[in-house]
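Open the model in your viewer and keep the sequence panel beside it. The stops below can be selected in turn.

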Amino acid sequence: MAYIWPIGGGKGGSGKSFLTCTLGLLLAGLGKRTLIIDLDLGAANLHTFLNVPYPTKSLSDFIRKKNTPLESIVLETPVPDLFLISGANDTLDVANLPYEQKIKTMRAIAKLNFDCILLDLGAGTSFNTLDFFLISQNGIFIATPEPTSVENVYRLIRAIYFRRIRQYFTVADFKVLEDATVRYFGDGAYAKPEYIMQTVKKNYPETGLKLENDFAAYKFKLIINQLHKQDDAGLGPQICRLVDKHLGIKIVFSGNIAYDEHVHDAICQRVSFIDRYPYTRTAGDLRELGKQIIYSTGDQMMINYS
Ligand SMILES: Nc1ncnc2c1ncn2[C@@H]1O[C@H](COP(=O)(O)OP(=O)(O)OP(=O)(O)O)[C@@H](O)[C@H]1O
Ligand SMILES: [Mg+2]
């Protein structure tokens with residue numbers, strides 16, 4: 001069974017695809033059979049990052065055609081041990097994947113025979129993004145130091161927390177839960193996951209306990225990317241403290257990645273940044289993160305289908 005790392009960030013442009021590809025290259029470089037899945041379904045572009053010719057097969061084939069196993073749409077990349085499942089041909093209907101298709105995709109991903117799987121998720125808080133993020137305990141959040149990016153990553157973390165609570169209830173039961181939350185905490189409280197969780201603990205103690213165990217088991221990580229010299233290097237730990245205080249989720253701050261304008265050059269030239277510019281601070285940061293990721297493979301992944 002593969003180790004799966006979903007990579008998400010609340011805001012577009014934070015560096016999800018760059019980080020996913022770089023981690024893929026580092027893991028493959030260590031001899032791990034690594035698969036990257038482009039799940040930014042409305043705007044898939046990893047084939048370009050990885051210098052793979054425009055894909056002739058993609059996730060839409062798996063989703064639309066009955067007898068297309070997920071293995072059959074895996075593409076080779078120019079890098080040994082690094083493979084790609086592209087979302088490139090996907091049109092809007094695939095971007096808004098129906099629930100059954102999503103479950104089918106998650107099950108198939110879990111069965112794939114690779115050492116490591118990295119999922120590049122779309123920006124924002126769509127159900128696709130939330131559900132694919134919750135496919136394993138090892139999700140990685142990425143944000144830049146800009147306040148808008150920080151705000152969006154916090155919103156994403158909160159939405160994931162909310163989604164996990166929501167997964168334990170039927171539509172009808174969740175309505176009852178929302179109504180109770182409003183009774184306890186006032187108008188608008190149904191939209192605050194913190195209040196919802198307090199009501200769960202009060203009215204459904206068993207589910208509350210299960211959720212607390214789930215949240216305790218998550219090994220989510222946070223990375224701050226594109227850190228300029230003048231930026232506060234302590235921002236990541238601050239966000240983690242905030243998340244712990246308000247949501248009770250312990251997110252490990254994994255490190256900062258320095259901003260380097262050569263990243264742009266490498267992407268334009270369609271070459272690997274860490275290979276072309278190995279002695280930059282940014283390449284060092286990325287290698288350090290790669291090490292952390294590989295050392296964190298001691299624990300089994302968890303799949304949530306419900
Ligand atoms: N550490 C960095 N230093 C400098 N530039 C960076 C760095 N990381 C990413 N970038 C730049 O940010 C841009 C956006 O990166 P990327 O495409 O990986 O973001 P994304 O989160 O995947 O965006 P989207 O949500 O639109 O897919 C890239 O074009 C790249 O040039
Ligand atoms: Mg991207």
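In which loop is D81 found? Select D81: the loop is the one between strand 3 and strand 4. Helices here are DSSP runs of H or I with at least four residues, strands are runs of E with at least two, and both are numbered from the N terminus. D81 has a phi near 70°, a positive value in a residue other than glycine. D81 is partly exposed because its relative accessible area is 28%; buried means under 20%, exposed over 50%, and partly exposed in between, with a 1.4 Å probe and protein chains only.

Before moving on, note that this is a predicted model, in which local features need pLDDT of at least 70, side-chain atom pairs count only at pLDDT 80 or more, and totals for chains, interfaces and linings use all residues. Residues are numbered from 1 along each chain as its sequence is written, chains are lettered from A and ligands numbered from 1 in the order in which they are written, and side-chain values use heavy atoms, leaving out hydrogens and water.

**The sheet**

Strands of a sheet pair through backbone hydrogen bonds, either parallel or antiparallel.

Next, select strand 2 (residues 34–39) with strand 4 (residues 82–85). This pair is parallel and has 4 bridges. The bridge partner of I36 in strand 4 is L84. Contact means heavy atoms within 4.5 Å.

**Strand 7 and its neighbours**

Select strand 7 (residues 221–227). Because 6 of its 7 residues are buried, strand 7 is largely enclosed by the rest of the structure. On one pairing, strand 6 (residues 140–143) runs parallel to strand 7 and is joined to it by 4 bridges, with A143 opposite I224. On another, strand 7 pairs with strand 8 in the parallel sense over 6 bridges. Here K221 has V252 as its bridge partner in strand 8, and L222 stands opposite F253.

Staying in strand 7, pick Q226. Its phi is near 65°, a positive value in a residue other than glycine. Q226 counts as partly exposed because its relative accessibility is 25%.

Follow the chain onward to D231, in the loop between strand 7 and helix 11. Leaving aside residues up to four places away in sequence, D231 touches P145 and Q226. D231 has 25% relative accessibility, so it counts as partly exposed. For a distance check, pick F49 as well: its C-alpha atom is separated from that of D231 by 27 Å, and the two residues are 182 apart along the chain.

With strand 7 and strand 8 it makes a right-handed β-α-β unit; right-handed means that, with the strands pointing away from the viewer, the path from the first strand over the helix to the second runs clockwise.

End this part on strand 8 (residues 252–258), where S254 is found. Is S254 buried or exposed? S254 counts as buried because its relative accessibility is 7%. Its contacts, not counting residues up to four places away in sequence, are K221, L222, I223, L289 and Q292.

**A helix pair**

Last, select helix 8 (residues 171–185) and helix 9 (residues 193–203). They pack at an angle of about 105°, with their axes 9 Å apart. The two helices are therefore roughly perpendicular, a class that covers 65 to 115 degrees, with under 35 roughly parallel, over 145 roughly antiparallel and the rest oblique. Residues of helix 8 in the contact include F174, L177 and Y184, and those of helix 9 include Y195, I196 and V200.

Conventions:
Axes fitted to C-alpha atoms, helices over the stretch in contact; angles between N-to-C directions. Pairing = 2+ DSSP bridges.
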